[in-house]
Amino acid sequence: MNKLTLIRPDDWHLHVRNGDILKTVIAHTANQFARAIIMPNLNPPVLTVDQALVYRQEILQALPADSSFNPLMTLYLTSDLTQDEVKKAAESEFIHAIKLYPAGATTNSDSGVSDLKGIYPILETMEQVDLPLLIHGEVTNPDCDIFDREKVFIESSLNDIVKNFPDLRIVVEHVTTKEAVDFVLAASSKVAATITPQHLMFNRNAILAGGIRPHHYCLPIIKREHHRQALLEAATSGNPKFFLGTDSAPHLTGAKESSCGCAGCYSAYAAIELYTEVFDQAGALDKLEGFASFFGADFYNLPRNSKSITLQQQTWTVPATYQVNDKTITPLKAGEDLSWKLLG
Ligand code: NCD
Ligand code: ZN
């Protein structure tokens, strides 16, 4: 049996929700990862340091008793965020970043930012206190084709942000296009990106060919094959600008299998197995540990983990669903075979 041992990885982009869904999904993440950047797009969103600390307690309480998992909290950027709150966040050992959602770009982003220039004073403070900005990089203009929204955001907004705040650490979250990869490559070492498993595994046929597959629908939407190739090359290149962020985003099965299904793929149950399969198929298993366990920690100025995990090459079948009381979450690749399994 082929085995692979890695320093325990971290997930630098994760949705765990609250309430009953949190109780189901947090054990999956805690089984795989030492830490995760927790997205603040709850309903209502996490706007203040105090709210983030309350949410952190809820997450800790939902963890299995023996878990040492560490949730790294973020604030949701709105036009009401104050410079004092940014400074308070930077001083808190529990807050690690602020997340920018353009208003209406994705799930629970209604309170996001509609006037980017209006938040420049906040970005200036973040640059001064060295608190990272995490960006959902899509324009929300309804006239813009959904497959072009990331590329247009880079041209119309991201270029300007990076130019105006050269010392601000920025993560372009869940990059999905060659244009985004090229942008991050050309930018300074202050600019990095996360890459999800679904954007490495699939091109847009996975959403639409042979029928509509709602469990492959996420935002930014999965793009054409040449974009997938660019992401794969970036992830397996060993370049520390690219690191693991699952964007695992659980929704109840009924909310996805609907006439207007929610955006988000649930991958936390086997995130590291999914990435391992991708890196294995690309002949790049030697590049997995940097991507999954080192580069994100380095970017966030956090220590690398010291414990390790072991994966074994073994075929197993993904369950059709995971239970949330009397409802379910349907995982990415439900009912399909995976070729690696996390041991223990
Ligand atoms: C995320 C969610 O459901 O919270 N959905 C998604 O499709 N990725 C939000 C996000 O990260 O865009
Ligand atoms: Zn997300």
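This report describes the zinc site, aromatic pairs, strands and backbone features of a predicted model.

## Basis of the model

Local features in this predicted model need pLDDT of at least 70, and side-chain atom pairs count only at pLDDT 80 or more, whereas totals for chains, interfaces and linings use all residues. Residues are numbered from 1 along each chain as its sequence is written, chains are lettered from A and ligands numbered from 1 in the order in which they are written, and side-chain values use heavy atoms, with hydrogens and water left out.

## The zinc site

The zinc ion (ligand 2) is coordinated at 2.0 Å by His13 (NE2), His15 (NE2) and Asp247 (OD). Donors are N, O and S atoms within 2.8 Å of the metal (3.2 Å for Na, K and Ca), and water is not among the atoms, so sites may look incomplete. The angles among the four donor atoms of the zinc ion (ligand 2) run from 93 to 140°, and the site is irregular. Four donors count as tetrahedral if all angles lie between 85 and 135 degrees; four count as square planar and six as octahedral if opposite donors are over 155 degrees apart and all others between 65 and 115; anything else is irregular.

Along the sequence, the donor residues of this zinc ion follow the spacing H-x1-H-x231-D. Histidine 13 belongs to strand E2 (residues 11-14) and aspartate 247 to the loop between strand E9 (242-244) and helix H10 (253-256), so the pair ties together parts that are 234 residues apart in sequence. Helices (H or I, at least four residues) and strands (E, at least two) are DSSP runs, numbered from the N terminus. Histidine 13 is buried at 1% relative accessibility, and aspartate 247 is buried at 5%. Buried means under 20% relative accessible area, exposed over 50%, and partly exposed in between (1.4 Å probe, protein chains only).

## Aromatic pairs

The whole structure contains 12 aromatic pairs. In tryptophan 12 and phenylalanine 243, the ring centres are 6.4 Å apart and the planes stand at 75°, so this pair is edge-to-face. Rings of Phe, Tyr and Trp (its six-membered ring) pair if their centres lie within 6.5 Å; planes under 30 degrees apart count as stacked, over 60 as edge-to-face and the rest as tilted. Tryptophan 12 lies in strand E2 and phenylalanine 243 in strand E9, so the pair ties together parts that are 231 residues apart in sequence. Tryptophan 12 and phenylalanine 243 are both buried.

Phenylalanine 299 and tyrosine 300 also form an edge-to-face pair, with 6.0 Å centre to centre and 75° between the planes. Phenylalanine 299 is buried at 10% relative accessibility, as is tyrosine 300 with a relative accessible area of 5%. Ring pairs link Trp12, Phe243, Phe299 and Tyr300 into a cluster.

## Strand pairing

An open sheet is formed by three strands in the order E1-E10-E13, with antiparallel pairing. Strand E1 (3-7) and strand E13 (337-342) are at the edges with a single partner strand each, so one side of each is left without a neighbour in the sheet. Neighbouring strands of this sheet are turned by 35° against each other on average, direction ignored. Helix H11 (residues 271-281) packs on the sheet and touches E1, E10 and E13, its direction making about 115° with that of E13. Contact means heavy atoms within 4.5 Å; axes are lines fitted to C-alpha atoms, for helices over the stretch in contact, and angles run from 0 to 180 degrees between N-to-C directions.

Five bridges join E1 to strand E10 (residues 308-317), and the bridge partner of isoleucine 7 in E10 is serine 308. Two strands pair if DSSP finds at least two bridges between them. Elsewhere, strand E7 (residues 170-172) pairs with E8 in the parallel sense over three bridges, and isoleucine 170 stands opposite valine 191 in E8. In strand E8 (residues 191-195), five of the five residues are buried, so the strand is largely enclosed by the rest of the structure. Val191, Ala193 and Ile195 point one way from E8, while Ala192 and Thr194 point the other way.

## Backbone features

The peptide bond from asparagine 43 to proline 44 is cis, with omega near 0°; proline 44 lies in the loop between strand E3 (35-38) and helix H2 (49-62). A cis peptide bond also runs from leucine 219 to proline 220, with omega near -10°.

Asparagine 325, a residue other than glycine, has a positive phi near 50° and is exposed at 54% relative accessibility. Lysine 333 likewise has a positive phi, of about 70°, but is buried at 13% relative accessibility.
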